[in-house]
Amino acid sequence: MDFTPPPIEDGFTAEKLFNQGFSYTYDDVIFLPHYIDFPAEAVDISSRISHNVPLSVPFVASPMDTVSESAMAAAMASLGAIAIIHSNISPATQAAVIRSAKSRRVPILSHPVFLPPSAYIDSPDDFADSPFILVTESGNSKSKLLGYVSKEDYMNQSDKSLKVRDYMAPSTPITVPWSHDLKEIDKVLEEKKANFVGLVKDNEVVDVVTKDDVEKVKGYPKLAGPGSLGADGEWMVGAAIGTREQDKERLEHLVKAGVNVVILDSSQGNSSYQLEMIKYVKKVYPELDVVGGNVVTMYQAENLIQAGVDGLRVGMGSGSICTTQEVCAVGRGQATAVYKVASIAYKSGVPVIADGGISNSGHIVKALSLGASTVMMGSFLAGSNEAPGAYEYQNGQRVKKYRGMGSLEAMTKGSDQRYLGDTAKLKIAQGVVGAVKDKGSVLKFLPYTMQAVKQGFQDIGANSLQSAHDLLRSKVLRLEVRTGAAQVEGGIHGLVSYEKKYF
């Protein structure tokens with residue numbers, strides 16, 4: 001690839017554009033097209049979230065309690081990405097969420113319900129979201145599997161006062177090892193003419209996969225590869241921790257659960273608390289990658305790099321539910337922040353996570369081209385099937401709750417530590433509570449996002465993330481600032497009505 005600057009001066013180099021004293025967002029800037037000599041399918045978007053954690057897809061689910069728990073972690077890993085489990089729960093619960101995601105090799109979780117043979121089913125609600133209740137000797141996942149009750153059979157049962165043993169399916173459910181992927185499970189279902197199989201790990205039933213689940217995933221875009229697998233053959237899952245003394249105990253729980261990377265979760269990462277925690281993690285768990293942040297300046301980044309971070313998380317006040325810039329008058333436009341931090345981080349080989357401000361595939365292209373190795377997303381993934389919480393209806397739209405970790409509602413659960421406000425008598429909100437519309441499954445819409453990102457890279461003449469970074473730093477890749485009118489022109493405009501569909 002030719003990295004010689006174009007003979008005709010046109011547009012601005014990133015160095016010139018971002019050193020004029022303005023704080024730019026992704027929408028403020030636009031890349032000028034370069035030269036194409038490869039197909040979009042040839043674009044390699046593999047990257048790293050940290051020194052030793054590679055990803056085939058540069059997407060990271062944010063550690064928010066309305067975004068990342070076990071279902072999101074399994075789905076993101078299956079796509080070649082990763083999710084970071086939030087810390088707004090007890091250390092034991094956070095560790096259990098990690099174990100749950102890592103205890104299977106399928107992109108879907110069903111959270112099966114267990115009962116002993118002597119139990120009664122009081123109502124259809126006892127099935128929760130599962131079409132089956134599994135019957136075991138002691139009524140938990142670690143005892144012998146005896147049979148099952150389907151929701152359909154229960155609804156057709158005229159005498160609801162009977163014990164489970166009196167009408168459970170007589171045959172023992174079919175089980176397979178937890179490491180079976182969907183293709184292997186589909187084969188077993190076909191051979192056994194079964195409606196579902198149980199996944200077993202260390203003599204424990206960890207999940208149930210139904211034929212309907214398999215057929216549904218078959219209808220999504222085909223998964224490109226084996227997903228994000230660690231050395232142990234399990235899905236890779238990250239987790240967030242704070243910088244207080246009690247977080248050292250939390251970290252111990254997470255390491256025992258098999259966490260692959262930890263992120264120090266703070267709205268302002270350049271603090272003595274974080275520097276000390278980075279050094280502690282690297283000393284006690286030298287094999288574990290630790291990501292520091294959040295930062296938006298080169299000075300902040302350099303301090304964390306010197307402390308030994310394996311990655312940097314960039315962003316302050318750029319999220320759709322974050323009000324830090326308004327409340328505290330600090331932060332930076334996300335495009336400027338990513339470029340500035342990446343321009344110093346690359347010298348030490350430290351990957352950068354662009355956290356916040358992502359609302360479309362174009363923003364992802366801009367973040368990655370400006371030097372980020374991955375993008376962290378909250379609202380982009382919230383509202384999906386895999387996000388925590390139940391759907392509800394608002395003004396005729398199906399939605400899920402989405403809240404900032406700086407909202408007072410989230411702070412009551414413990415996230416005030418992230419804003420160094422856990423010891424303050426008065427709690428000041430730096431986020432809001434809202435709702436986002438139903439997006440369906442990430443297994444369906446993220447593959448389309450990946451393809452759009454590849455096409456964006458093709459247009460700027462970059463066949464990989466590394467080549468995009470090289471084009472930017474060699475001054476081949478050029479940008480311009482967009483006026484308000486240019487931003488309007490670059491979007492949908494001039495129509496009486498339209499249907500916005502990208503896939």
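Modeller: Start just after helix 15, where Lys475 takes a positive phi of about 70 degrees. This is a predicted model, so that value is computed.

Biologist: Which residues of helix 15 are buried?

Modeller: In helix 15, residues 465-473, they are Leu465, Ser467, Ala468, His469, Leu471 and Leu472.

Biologist: What makes Ser100 count as buried?

Modeller: Its relative accessible area is 16%. Ser100 sits in helix 3, residues 91-102. Leaving aside neighbours within four places in sequence, Ser100 is in contact with Ser70, Leu109 and His111.

Biologist: And how do you know that Gln300 is buried?

Modeller: Gln300 has a relative accessible area of 6%. The cut-off is under 20%, so Gln300 is buried. Gln300 is found in helix 9. Beyond neighbours within four places in sequence, its contacts are Gln268, Asn270, Asn294 and Val295.

Biologist: How far is Gln300 from Ile278 in sequence and in space?

Modeller: They are 22 residues apart in sequence. In space they are 14 Å apart, C-alpha to C-alpha.

Biologist: Now the sheet. Which strands make up the closed barrel?

Modeller: Eight strands, in the order 4-5-12-13-14-15-16-17, with parallel pairing. Neighbouring strands of this sheet are turned by 25 degrees against each other on average, direction ignored. Helix 9, residues 298-307, packs on the sheet and touches strand 14 (289-295) and strand 15 (311-314). The direction of helix 9 makes about 160 degrees with that of strand 14.

Biologist: How do you know that strand 4 and strand 5 pair?

Modeller: Count the bridges. Strand 4 (residues 59-61) and strand 5 share two, in the parallel sense. A pair needs at least two bridges, so strand 4 and strand 5 qualify. Val60 stands opposite Ile82 in strand 5. Between strand 4 and strand 5 comes helix 2 (residues 70-78), and together they make a right-handed β-α-β unit.

Biologist: What about strand 5 and strand 12: over how many bridges do they pair?

Modeller: Strand 5 (residues 82-85) and strand 12 (residues 238-241) pair in the parallel sense over two bridges. Ile84 stands opposite Gly238 in strand 12.

Biologist: And strand 12 with strand 13?

Modeller: Strand 12 and strand 13 (residues 261-264) have four bridges, again parallel. With at least two needed, they count as a pair. Ala239 stands opposite Val262 in strand 13. The chain crosses from strand 12 through helix 7 (residues 246-257) to strand 13, and that β-α-β crossover is right-handed.

Biologist: What makes you say that both faces of strand 5 are covered?

Modeller: Ile82 and Ile84 are on one side, Ala83 and Ile85 on the other, and all are buried. In a regular strand, side chains alternate between the two faces of the sheet. Strand 12 is covered on both faces too: Gly238 and Ala240 are buried on one side, Ala239 and Ile241 on the other.

Biologist: On to the rings. Why is the pair Phe380 and Phe445 called edge-to-face?

Modeller: The search of the whole structure finds six aromatic pairs. In this one, the centres are 6.2 Å apart and the planes 70 degrees. Pairing needs centres within 6.5 Å, and edge-to-face needs over 60 degrees, so both tests are passed. Phe380 lies in the loop between strand 17 (374-377) and strand 18 (392-394), and Phe445 in helix 14 (residues 442-459), so the pair ties together parts 65 residues apart in sequence. Both Phe380 and Phe445 are buried.

Biologist: Which residues do ring pairs link into a cluster?

Modeller: Phe18, Phe22, Tyr24 and Tyr339.

Biologist: Last one. What puts a charged end over a ring?

Modeller: Part of the test is distance: within 6 Å of the ring centre. The charged end of Arg105 is 5.8 Å from the ring centre of Trp235 and sits over that ring. The charged end of Arg398 sits over the ring of Tyr391, 3.8 Å from its centre.

Terms used: Residues numbered from 1 in each chain as written. Predicted model: local features only at pLDDT ≥ 70, side-chain atom pairs only at ≥ 80, totals over all residues. Heavy atoms only, no water. Axes fitted to C-alpha atoms, helices over the stretch in contact; angles between N-to-C directions. Contact = heavy atoms within 4.5 Å. Buried < 20%, exposed > 50% of the residue type's maximum accessible area, 1.4 Å probe, protein only. Right-handed = clockwise from strand over helix to strand, strands pointing away. Phe/Tyr/Trp six-rings, centres within 6.5 Å; stacked < 30°, edge-to-face > 60°. Lys NZ or Arg CZ within 6 Å of the ring centre and 35° of its normal.
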